[in-house]
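Please walk me through this structure, from single residues up to the whole chain. I would like the terms defined as they come up.

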Amino acid sequence: IVGNININYEISAKDVTTSDRKIEGSNIKLYLTRLTDDGEEELMAPEVYNEEASENTYTGRPSNEMSLYASSMNSSESNNYRLRMWVDENYNPQGDGGNLQFSVQINVYGKSGDKMSIAVPAVELVKGKANPEDLDYNTATDKQKKEMWTFTQSETEQTEALIDYRYIGMDPNNYVEFNDELWRIVGVFTVDDGTGQKQERLKIVSAESIGRYYWNSNKSNDWTKSNLNSFLNSNRYWTSSLNEVSKEMIGDTKWYLGGASNYADSTASQWYSFERGTKVYSQRQNSWVGKVGLMYPSDYGYATSGGEELDRNSCLNKSLWAWDSNCFNNDWLSILDDGQWTITTHSDYSYWSIGINNKGNVEAFTVNTGFFNVKPCVYLQSNVLIMDGDGTKSNPYILSI
């Protein structure tokens with residue numbers, strides 16, 4: 001490259017099998033990584049061979065090739081990549097007589113011009129960077145610590161056993177530009193859209209409080225009839241504070257309203273079970289379908305990376321009611337200024353809802369006397385794309401639909 005010229009480039013694979021005994025590409029998986037000083041960076045998660053129907057005019061890649069990775073550069077750089085290719089574990093070639101072949105040619109295309117959009121499904125992009133659950137945070141690289149982590153969740157009264165992907169630590173790379181504001185990605189979750197259809201979606205929360213409010217004015221902790229719910233979904237916030245593009249990105253979601261009683265001894269995983277349980281005050285609803293809610297106490301608990309004197313596992317095994325500063329000071333969801341509300345309630349009393357106090361601990365407060373910060377939380381539609389950015393505060397992910 002001569003001078004400061006933007007080059008859009010793309011790595012692709014092309015089926016060039018000539019044998020009559022050919023294995024179908026749908027039975028072949030490919031996986032692309034980039035070699036780094038710390039090991040390998042995943043660029044394309046394992047995916048079966050599939051060809052793009054259209055060309056990429058930004059890079060010059062023709063149609064009928066499989067896109068493995070696309071990016072841009074404006075100065076000289078050198079990269080080493082590793083491609084793995086194997087037979088899909090669900091396919092037995094011997095069932096088709098064996099002695100089959102499949103060959104690909106690897107191509108790299110490049111063109112100068114305006115920087116192209118990434119246009120990658122948001123869930124696919126961030127989930128593809130997730131760290132395995134058994135990786136020790138203290139031995140992880142700085143780059144790994146900035147990405148999502150995997151959490152295995154047990155079955156609850158309202159949900160099956162699931163796998164969540166969450167950002168943890170003091171300041172991970174989970175910033176997004178949404179509603180012309182900075183928001184942050186809580187994680188990737190399998191959610192119900194209210195009709196029983198389930199899909200993986202991005203859950204995001206406002207990076208800043210939109211103000212301090214009562215949970216409800218009439219001393220009732222029924223979320224479905226609360227002032228805060230009305231304010232966020234059908235009153236000033238939805239109508240006046242969210243732009244039309246952002247509204248299109250937000251999907252209906254089943255929010256769990258299970259309550260807690262013995263919260264003083266409860267860890268993040270126990271809160272997760274409470275929230276998705278069926279114990280509520282006086283036969284109130286244990287779930288609600290809507291667009292804008294608040295985070296769960298478990299979201300707050302799981303987001304910690306722990307500190308030097310109390311590590312991540314110790315924090316996860318400690319009651320959120322008596323958290324240590326090592327826990328909440330290394331939790332990106334923590335607000336120590338005047339506390340903040342969650343969507344969860346106390347199941348034994350009609351007028352208590354769960355909040356996080358200004359000392360970083362989770363406890364119950366009277367709904368019409370607690371005047372706490374509110375950070376709206378939404379689940380994005382599964383078809384939302386990331387067009388640009390790397391998730392840092394200075395270069396947040398840019399969303400599109």
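**A walk through the model**

Thr152 is found in strand E8, which covers residues 149–153; helices (H or I, at least four residues) and strands (E, at least two) are DSSP runs numbered from the N terminus. This is a predicted model, in which local features need pLDDT of at least 70 and side-chain atom pairs count only at pLDDT 80 or more, while totals for chains, interfaces and linings use all residues. Residues are numbered from 1 along each chain as its sequence is written, and side-chain values use heavy atoms, with hydrogens and water left out.

Leaving aside residues up to four places away in sequence, Thr152 touches Glu133 and Leu162, where contact means heavy atoms within 4.5 Å. The C-alpha atoms of Thr152 and Ser240 are separated by 38 Å, and these residues are 88 residues apart along the chain. Ser75 sits in the loop between strand E4 (66–73) and E5. With a relative accessible area of 40%, Ser75 is partly exposed; buried means under 20% relative accessible area, exposed over 50%, and partly exposed in between (1.4 Å probe, protein chains only).

Two loop residues have backbone angles worth noting. Most residues other than glycine have a negative phi. Asn99, although not a glycine, has a positive phi of about 55 degrees. Asn99 belongs to the loop between strand E5 (81–87) and strand E6 (104–112), and its relative accessibility of 65% makes it count as exposed. Lys219 is not a glycine either, and has a positive phi of about 60 degrees. The loop that holds Lys219 runs between strand E13 (212–213) and helix H3 (227–233). Lys219 is partly exposed, at a relative accessible area of 45%.

Next come the aromatic rings. Rings of Phe, Tyr and Trp (its six-membered ring) pair if their centres lie within 6.5 Å; planes under 30 degrees apart count as stacked, over 60 as edge-to-face and the rest as tilted. By this rule there are 23 aromatic pairs. Phe231 and Tyr237 make a tilted pair, with 6.4 Å from centre to centre and 40 degrees between the planes. Both Phe231 and Tyr237 are buried. The pair of Tyr349 and Tyr351 is tilted because the ring centres are 6.1 Å apart and the planes stand at 55 degrees. Tyr349 is partly exposed at 37% relative accessible area, and Tyr351 counts as partly exposed at 27%. One aromatic cluster is formed by Phe189, Trp215, Trp223, Trp255, Trp288, Tyr296 and Tyr379.

The last step is the chain as a whole. The protein has nine helices and 23 strands. Its C-alpha trace spans about 75 × 55 × 45 Å along the principal axes. For 401 residues, a compact globule would have a radius of gyration near 21 Å, and the 24 Å of the protein agrees with this; the radius is taken over C-alpha atoms, and the globule rule is 2.2 Å times the number of residues to the power 0.38. Buried residues make up 50% of the 401 residues. Of the contacts with a separation of 6 or more, 66% join residues 24 or more positions apart.
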